[in-house]
Amino acid sequence: MRNKIERRMEFIVEQQAKNTIDIQKLHEAQAELTRKHRHLTEALTTVVGMVGKLAEAQERTDEQLSKLTNKQADTDDRLNVLIGVVERYFSKNGQKPKSKRTSSRNTLTKRPRKK
């Protein structure tokens, strides 16, 4: 009977040793996971900051593009006016229009157009 008790005690001691080793491995694994979690948290914080800066830059780009679009429309309008002037100038069969200024006073005079 004593032999049986000793075997049970050895079994219990062996199980306790295995449990101690398993607990140590779990502590090491937890420490590694904690380190990785901290690293991922820092990386995520960096990415969130970058996304915020990117969103701000996109807003500035949108504003600049809007301004550029408006200026382009103004340029188109002015170019269309210039094109109209040039077309009217050359639509008279390639003839240069006569000057509308008088030689003595440099004032505009109205002359009837030839058709």
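1. A salt bridge here is a side-chain nitrogen of Lys or Arg within 4 Å of a carboxyl oxygen of Asp or Glu. The whole structure, a predicted model, holds two salt bridges. R35 pairs with E32, their closest N and O atoms being 2.6 Å apart. E32 also pairs with K36, here with the closest N and O atoms 3.9 Å apart. Through shared partners, E32, R35 and K36 join into one network.

2. R35 and E32 are three residues apart in helix α1, so about one helical turn separates them. Helices are DSSP runs (H or I, at least four residues), numbered from the N terminus. R35, at 45% relative accessibility, is partly exposed (buried is under 20% relative accessible area, exposed over 50%, partly exposed in between; 1.4 Å probe, protein chains only).

3. Y89 lies in helix α1 (residues 2-90). Y89 and F90 form an edge-to-face aromatic pair, 4.9 Å centre to centre with 90° between the planes. Rings of Phe, Tyr and Trp (its six-membered ring) pair if their centres lie within 6.5 Å; planes under 30 degrees apart are stacked, over 60 edge-to-face, the rest tilted. Y89 is partly exposed at 33%, whereas F90 is exposed at 53%.

4. Mean chain pLDDT (the predictor's confidence in each residue, from 0 to 100) is 86, and 80% of residues reach 70 or more. Over residues 102-111 the pLDDT is below 50. Where pLDDT is low, the predicted coordinates should not be read in detail.

5. Residues are numbered from 1 along each chain as its sequence is written, and side-chain values use heavy atoms, leaving out hydrogens and water. Local features need pLDDT of at least 70, side-chain atom pairs count only at 80 or more, and totals for chains, interfaces and linings use all residues.

Note on methods:
Contact means heavy atoms within 4.5 Å. Helices (H or I, at least four residues) and strands (E, at least two) are DSSP runs, numbered from the N terminus.
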